[in-house]
Amino acid sequence: MSRPSKAELETALKQAAWLRENGTDEYFLGKSLLNHNYRIQHLEHVMESVKQYLHSGMSSGQDLMKLQKAIEAAEKADSFKGDIEPDDHTNVFV
């Protein structure tokens, strides 16, 4: 399956948010899409941090610290449970 375009993803996220806001997310599709988008943004940030760390020859303490913080943030996002949701699921790292 191909990755959705930026426009397609934006449309899907808006619809998912609408489902949640209007209480019509009977099958939790909106919740699932918003959650997965939120988590994948954290994991993409981890991947970029790993690339920077490896590119620096694994010698930069600053890059290692960035990597550790990115991993902690991804773990926190992955373990988030409850009905209270983060304010914005669309652009966590922009």
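This is a dialogue on how to read some features of a predicted protein model.

Reader: Before looking at any feature, what should I know about this model and its numbering?

Author: The model is predicted, so local features need pLDDT of at least 70 and side-chain atom pairs count only at pLDDT 80 or more, while totals for chains, interfaces and linings use all residues. Residues are numbered from 1 along each chain as its sequence is written, and side-chain values use heavy atoms, with hydrogens and water left out.

Reader: How many helices and strands does the protein chain have?

Author: Helices (H or I, at least four residues) and strands (E, at least two) are DSSP runs, numbered from the N terminus. The protein chain has three helices and zero strands, and its pattern along the sequence reads α-α-α.

Reader: What share of the residues counts as buried?

Author: A residue is called buried under 20% relative accessible area, exposed over 50%, and partly exposed in between, with a 1.4 Å probe and protein chains only. By that rule, 19% of the 94 residues of the protein chain are buried. The accessible surface, computed by the Shrake-Rupley method with a 1.4 Å probe (for residues, only the protein chains shown count as cover), comes to about 7,400 Å² for the protein chain, and 58% of that belongs to carbon and sulfur atoms.

Reader: Which residues make up the largest nonpolar core?

Author: In soluble globular proteins, nonpolar side chains tend to be buried together. A nonpolar core is here a set of buried Ala, Val, Leu, Ile, Met, Phe, Trp, Tyr and Cys residues joined through side-chain atoms within 4.5 Å. The largest one has five residues, namely Val 46, Tyr 53, Leu 67, Ala 70 and Ala 74. Helices α2 (29-55) and α3 (61-79) each supply at least two residues of this core, and α3 gives the largest share, three residues.

Reader: What does Ala 70 touch?

Author: A contact means heavy atoms within 4.5 Å. Leaving out residues up to four places away in sequence, Ala 70 touches His 45, Val 46 and Ser 49. For the protein chain, among contacts between residues at least 6 apart in sequence, 56% join residues at least 24 apart.

Reader: How many salt bridges does the structure hold, and how should I read one?

Author: Side chains of opposite charge can pair when their charged atoms come close. A salt bridge is counted when a side-chain nitrogen of Lys or Arg is within 4 Å of a carboxyl oxygen of Asp or Glu, and the structure holds five. One of them joins Asp 78 and Arg 39, with the closest N and O atoms 2.7 Å apart. Asp 78 lies in helix α3 and Arg 39 in helix α2, so this pair ties together parts that are 39 residues apart in sequence. Asp 78 is partly exposed at 44% relative accessible area, and Arg 39 is partly exposed at 26%.

Reader: Where do Lys 14 and Glu 10 lie, and what separates them?

Author: Lys 14 and Glu 10 form a salt bridge whose closest N and O atoms are 3.3 Å apart. Because they are four residues apart in helix α1 (residues 6-21), about one helical turn separates them. Lys 14 is exposed at 56% relative accessibility, whereas Glu 10 is partly exposed at 42%. Lys 51 and Glu 48 also meet in a salt bridge, at 3.7 Å from N to O, and these two are three residues apart in helix α2, again about one helical turn.

Reader: What is the phi of Phe 28?

Author: Most residues other than glycine have a negative phi. Phe 28 has a positive phi of about 60 degrees although it is not a glycine. Phe 28 is placed in the loop between α1 and α2 and is partly exposed, at 48% relative accessibility.
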